[in-house]
Amino acid sequence: MNSVVIVESPAKAKTINKFLGKDFTVKSSIGHIRDLVEGELGVDVNNHFKPKYEVPAKKRKVVAELKKIVKGADMVWLATDEDREGEAIAWHLSEALGLNEKNTKRITYSEITKDAIQAAIKNPRTIDKNLVDAQQARRVLDRLVGYEISPILWKKVKPALSAGRVQSVAVRLIVEREREIQNFKSVSSYKVSAVFLNKKNEVVKAELPKRFQTKEEAKSFLEKCTGAEFSIAGIETKPAKKSPSAPFTTSTLQQEAGRKFGYSVAQTMRIAQGLYESGKITYMRTDSVNLSETALGQAKNEIEKLYGKDFLNIRHYKTKSKGAQEAHEAIRPSYLSVYKIEGDAQEQRIYDLIWKRTIASQMSDALIEKTTATIRVSTTEESFVAQGEVMKFEGFLKVYLEGKDDEDEGNAEGMLPSLKIGEKLSGREITAVERFTYHPPRYTEATLVRKLEELGIGRPSTYAPTIFTIQKRNYVVKEDRDGVKRNFNCLTLKNGNITEEKKSENTGAEKSKLFPTDIGMVVNDFLMDNFKDIMDFNFTAKVEEEFDEIAEGKLIWTKMLAEFYKPFHKTVEKTTETSARQSGERVLGKDPATGKQVIVRLGKFGPIVQIGHQDDKEKPRYASLRKDQRMDTITFEQAMELFNLPRSLGTHKGDEVIVSIGRFGPYIKYQGAYVSLPKDEDPHTISLERVKEILDAPRLPKVLGKFQDEDISVAKGRFGPYVKYKNIFASLGKGEDPFSVTLERAIELATAKEKKDKDKIIKSWDEDGRVRVVNGRYGPCIQFGRKFFRIPTDKKPQDITLDECLEIAGLNEGKKKPKVVATRNRAASAKGKTKAKTRKAG
């Protein structure tokens, strides 16, 4: 019997292939093979929201190969992932490949092991259309939101912006936290701590439970302690215990990897996917904390073998997440008897983390004894409190301790010496230190995932793409920021004397935190004003619950979309007609020289400061904000400093040197030409000496000479360095220095590229080859200048005529504009530099 097994990834195919016999051929679809059409809505809103799917050009070859393979197969096994996305891929494969239900089976598994794969083969099922519909509903709804809101943003805020349902809510969380921080007023108070000694000269550290609001109150207390007697007024000992955390879900793994290793959410998922596909761990997109009986048995064996029976406590955790439909088991090692794996350091770290968390989840509680001693002060009613703890039994802590997100100062409780009620203590030192309240912490990727999960927004498969997208769209940046110096008071009572000292500390430093950009804040405000439902946390969570109901077969997906779309589309139409343009405009003051208003706002190319208005007789003056400046925090003085550009730095070899900022960024103007400043240089502070170094250094583009009476040059563009000859662009080899390229090497590259381009031509009609049929990256297509157009499936590339090409390209009169496959823009960035004369900040 000839069987074909289809999975998503080549790595997964390779692992599964080892477990199946010679009758099985395992192939990969390399991810999704169909999606909603690009360049249009792709959803018929008037016909039950029927999606219009297509096989993208880059997947046509894969689909063609799979069609050939399944044609001669007796049985096709669709073995994609077990979540909704995996189910949808299986359905799309079935549809695109034209599979017959009779010889098509669907299999799922939570781990890629021999036993799991063979068990799946013995227990096949059909494609679960409810899961497919839940995924279709998500994809269609997100397309409707993005496709209808994005054009409004282009018109009302800034070109090239886009909106997404879950992404916009994630941005809202970050924007609101930033504003909460900006409005936060830090309040100081005095924390009093003491170091006492008992008769054996053993140290007893204690704190005063209350804080003093002023320095005077703190000093008054220290004065009372001068000459006071200190004694133990009470001792309380209580048993306590710590219990292990549940095994990992997608979100808790993302959070812990972020806390312990500083990994991004996307990085963690990439590593986990590699471990899953190589058979080392179970499926990594899950919101279940359940462990199978097999896993529990493995855990029992390993804990008893490694630590003894006292450390074993088998637990059955219950999933708290709403609609935990993504998978049936927590993330765990496939074999708990494998303590360490081969692989790179990152894989080893994540595997070790998963192994420890899984084992610890089935171990006994840690038993602790907590002691609290109250220390009386003879001269006042206030008492100090000393706390300590003793570990009586390590339990799960022998293996694993979960990280924390808290940024508050924490005092790890140490051990206290043996103390008795009535025992006298001597005060070695008492300090009152000024401390400040701290604003709510900014989100890290991990804490944002936790917040989204708490709100019921998104599912395991959406967290990483959401966080990636909001950064890619430049609505949010992840970065480190330096702290600022802050002074604080410190009062110390020692040897009967009180001393005052002013100290300083660095505060407010941030590491790998998420900050909203100016664009992100303006877009968020526009959406909050005009699309309250889309931005509402409860609404977004309700939509997720409805997806869950569709997956369970309790709700028809088209009905859910109809109920959403009708009011949503009305809001879109109303917003298009009535909403005002939003730029985050803020008046900072008046220009002393002209009396015109100074405004900060979002311009076409980013945040700008503007002096004057568009309707003034004189054109407004513009200046771009610096990278470290923000629209909502920039002051009038800082804004006016930006107009110190352009700066004349002096002369170099007899010609004036000017630096400024234009629409393409900072630049040097010298000898009538424009040279871009390197990214790390600031035009406001750069010196003439540094500019001279830049000007005297070799620069691109550089003409190397002539070949067949045409210039041949080397340049650097968006995709790296290349050689340009006529309309030929030939990339340099990896690591090849463009400044070291000789004329001979350039001719070699250009002629090789020219030959390669000619070999791609199937048909050509005019001399300059503007219209031709070529073998493109994704198969035969029509090339017209720099644009490429698809050839209809009923046309053979070698038989197509010039008129048919022009018709497809929409160049004959009255023809509908066609769908462009791609646009070649190889030298765009190089040409950008020659257009610097048109630079404008606004």
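1. Which residue lies over the face of F488, and at what distance from the ring centre? The residue is R435, at 4.9 Å from the ring centre of F488. A further case involves a lysine: K129 is placed over the face of W91, with 5.1 Å to the ring centre. The model is a predicted one, and the values below should be read accordingly.

2. Aromatic pairs. Across the whole structure, a search returns 19 aromatic pairs. The pair of Y276 and Y283 is edge-to-face, because the ring planes stand at 65° and the threshold for that class is over 60 degrees. The centres of these two rings are 5.2 Å apart. Both partners are buried: Y276 has a relative accessible area of 1%, and Y283 has a relative accessibility of 1%. Separately, one aromatic cluster is formed by F49, F531, F539, F564, Y565 and F568.

3. The lysine at position 12. K12 belongs to helix α1, which spans residues 10-17. Is K12 buried or exposed? K12 counts as buried because its relative accessibility is 1%, and the cut-off for burial is under 20%. The side chain of K12 makes a polar contact with that of Y109, at 3.4 Å. Setting aside neighbours within four places in sequence, the contacts of K12 include V7, A79, T80, D81 and I112. Y276 is also in contact with K12; this tyrosine is the one that forms the edge-to-face pair with Y283.

4. The loop asparagine. N198 is located in the loop between β9 (188-197) and β10 (203-207). N198 is classed as buried, with 5% relative accessibility. Which backbone nitrogens lie at 3.0 Å and 2.8 Å from a polar atom of the N198 side chain? The distance of 3.0 Å belongs to the backbone nitrogen of K200, and the distance of 2.8 Å to the backbone nitrogen of E202. Beyond residues up to four places away in sequence, N198 touches P417, S418, E423, K424 and L425.

5. The four-stranded sheet. An open sheet is made of four strands in the order β23-β24-β25-β26, with antiparallel pairing. Its edge strands, β23 (647-652) and β26 (673-676), each pair on one side only. On average, neighbouring strands in this sheet are turned by 30° against each other, with direction ignored. Helix α19 (residues 688-696) packs on the sheet and touches β23, β24, β25 and β26. The direction of α19 makes about 60° with that of β23.

6. Strand pairing within the sheet. How many bridges join β24 to β25? Six bridges do so, between β24 (residues 655-662) and β25 (residues 665-670), and these strands run antiparallel. I658 has K669 of β25 as its bridge partner. K669 in turn has Y674 as its bridge partner in β26. The pairing of β25 with β26 is antiparallel and extends over four bridges.

7. The hairpin of β25 and β26. This hairpin has two residues between the strands. Within the hairpin, Q671 adopts a positive phi near 55°.

Definitions and conventions:
Residues are numbered from 1 along each chain as its sequence is written. This is a predicted model: local features need pLDDT of at least 70, side-chain atom pairs count only at pLDDT 80 or more; totals for chains, interfaces and linings use all residues. Side-chain values use heavy atoms; hydrogens and water are left out. Buried means under 20% relative accessible area, exposed over 50%, partly exposed in between (1.4 Å probe, protein chains only). A polar contact is a pair of N or O atoms within 3.5 Å; within protein, one must be able to donate a hydrogen and the other to accept it, and residues adjacent in sequence count only if both atoms are side-chain atoms. Contact means heavy atoms within 4.5 Å. Rings of Phe, Tyr and Trp (its six-membered ring) pair if their centres lie within 6.5 Å; planes under 30 degrees apart count as stacked, over 60 as edge-to-face and the rest as tilted. A charge sits over a ring if NZ of Lys or CZ of Arg is within 6 Å of the ring centre and within 35 degrees of the ring normal. Two strands pair if DSSP finds at least two bridges between them. Axes are lines fitted to C-alpha atoms, for helices over the stretch in contact, and angles run from 0 to 180 degrees between N-to-C directions.
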